[in-house]
Amino acid sequence: MPAVIEPAKCAPISLAEAIARLDALDPDFRDDGDISEAARCLFALDANRAFLGDLIARELKTGHKEVPGENGYGPQAIMLSGARPGYFLRANIWPSPGESAFRSSGPESFVYGLPHDHNFDFLTVGHFGPGYGSDYYEYDYDTVAGISGEHAGLRFAERSILSPGRMLHYRAHRDVHAQLPPTSLSVSLNIVAADPARSWCDQYRFDVRENRVAAIVNSGASEALLRCGIAMGHGETLDMAGRFARHHPCERLRLAVFDARSRMEVDADAVWREAELSGSRLVAGEARLRRQQLER
């Protein structure tokens, strides 16, 4: 399960001070010392019980227009920092079943009950409310290709709550959790590692009951553009797609090429037969599943 960070008594700091400290640190989540310093910074920000309310009030007064594009807002996330080299700060909002957002959008919109890992490290601390719960698991990412239905090798660790002041270090491609809604509205603060290279690494949703991979859940802009270009029959994009299918280091992108082609070409089975010989464990495994579906 995520590593528990022992509480540290820190004087409260402002959001601006937290950003300045983290900018100076430029945290490397592979370094225990950097993780410790980043955690102390997050504890100090958490100790400031007024900053988030002040931020919300200020943004409501300005209608989010004071600095266009600087911060991002959604039903669940408040970006506390702009894009920084190597990290970003955010607050996550966790509604309870009694909240209107939960009732109107459903639990899946807030990732409740959807076991998943992350393709990035992050620190999180319970800041407000009782906190969401999680069933925690671990697995060995390098042993999994990501094929739908593949055995995941999940190992259950515990069920616990991100209670106020509790801090955890979620480790990329290792920690898996199925989140449970809190008993009342809760907020967590996060320092998230931002490594562009990580976007090429897969993030999975799991079926914990069957201990299997359910699906790859992350996709990027390149994949969306590629699918669009193939659907349009654009010649240069089709040429690139052919090269990507054979040689691209991201297997997920290679799979996207074959999937897009199978939807456009008359003989989808021929596309998936070609995919079986691609040399990619993920693509070949998915191709076998798709051919079996076509035969039904």
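Modeller: Contact here means that heavy atoms lie within 4.5 Å of each other. This is a predicted model, in which local features need pLDDT of at least 70, side-chain atom pairs count only at pLDDT 80 or more, and totals for chains, interfaces and linings use all residues. Residues are numbered from 1 along each chain as its sequence is written, and side-chain values use heavy atoms, with hydrogens and water left out.

Biologist: Which residues does His151 touch, not counting residues up to four places away in sequence?

Modeller: His151 sits in the loop between strand S5 (133-138) and strand S6 (155-161); strands (E, at least two residues) and helices (H or I, at least four) are DSSP runs, numbered from the N terminus. With residues up to four places away in sequence set aside, His151 touches Val144, Asn211 and Arg212.

Biologist: How far apart in space are His151 and Ala214, C-alpha to C-alpha?

Modeller: His151 belongs to the loop that joins S5 to S6. In sequence, 63 residues separate His151 from Ala214, but in space their C-alpha to C-alpha distance is 9.6 Å.

Biologist: Are H1 and H2 roughly parallel or roughly antiparallel?

Modeller: Helix H1 (residues 15-25) packs against helix H2 (residues 32-47) with axes 9 Å apart and an angle of about 175°. Axes are lines fitted to C-alpha atoms over the stretch in contact, with angles from 0 to 180 degrees between N-to-C directions. Over 145 degrees counts as roughly antiparallel. The angle therefore makes H1, relative to H2, roughly antiparallel.

Biologist: Is H5 roughly parallel or roughly antiparallel to H7?

Modeller: The axes of helix H5 (residues 221-232) and helix H7 (residues 251-264) are 9 Å apart, at an angle of about 25°. Under 35 degrees counts as roughly parallel. Because of this angle, H5 and H7 are roughly parallel.

Biologist: How many nonpolar residues are in the contact of H5 with H7?

Modeller: From H5 come Ser222, Glu223, Leu226, Arg227, Ile230 and Ala231, while H7 supplies Arg252, Leu253, Ala256, Val257, Asp259, Ala260, Arg261, Arg263 and Met264. By class, one residue of the contact of H5 with H7 is polar, six are charged, and the number of nonpolar residues is eight.

Biologist: At roughly what angle do the axes of H8 and H9 cross?

Modeller: H8 and H9 are roughly antiparallel to each other. The axes of helix H8 (residues 268-276) and helix H9 (residues 281-295) come within 8 Å, and they cross at roughly 155°.

Biologist: How many charged residues are in the contact of H8 with H9?

Modeller: H8 gives Ala268, Asp269, Trp272, Arg273, Ala275 and Glu276, and H9 gives Val283, Ala284, Ala287, Arg288, Arg290, Arg291 and Leu294. In the contact of H8 with H9, seven residues are nonpolar, none is polar, and the charged residues number six.

Key. Angles under 35 degrees count as roughly parallel, over 145 as roughly antiparallel, 65 to 115 as roughly perpendicular and the rest as oblique. Ala, Val, Leu, Ile, Met, Phe, Trp, Tyr, Cys and Pro count as nonpolar, Asp, Glu, Lys and Arg as charged, and the others, Gly among them, as polar.
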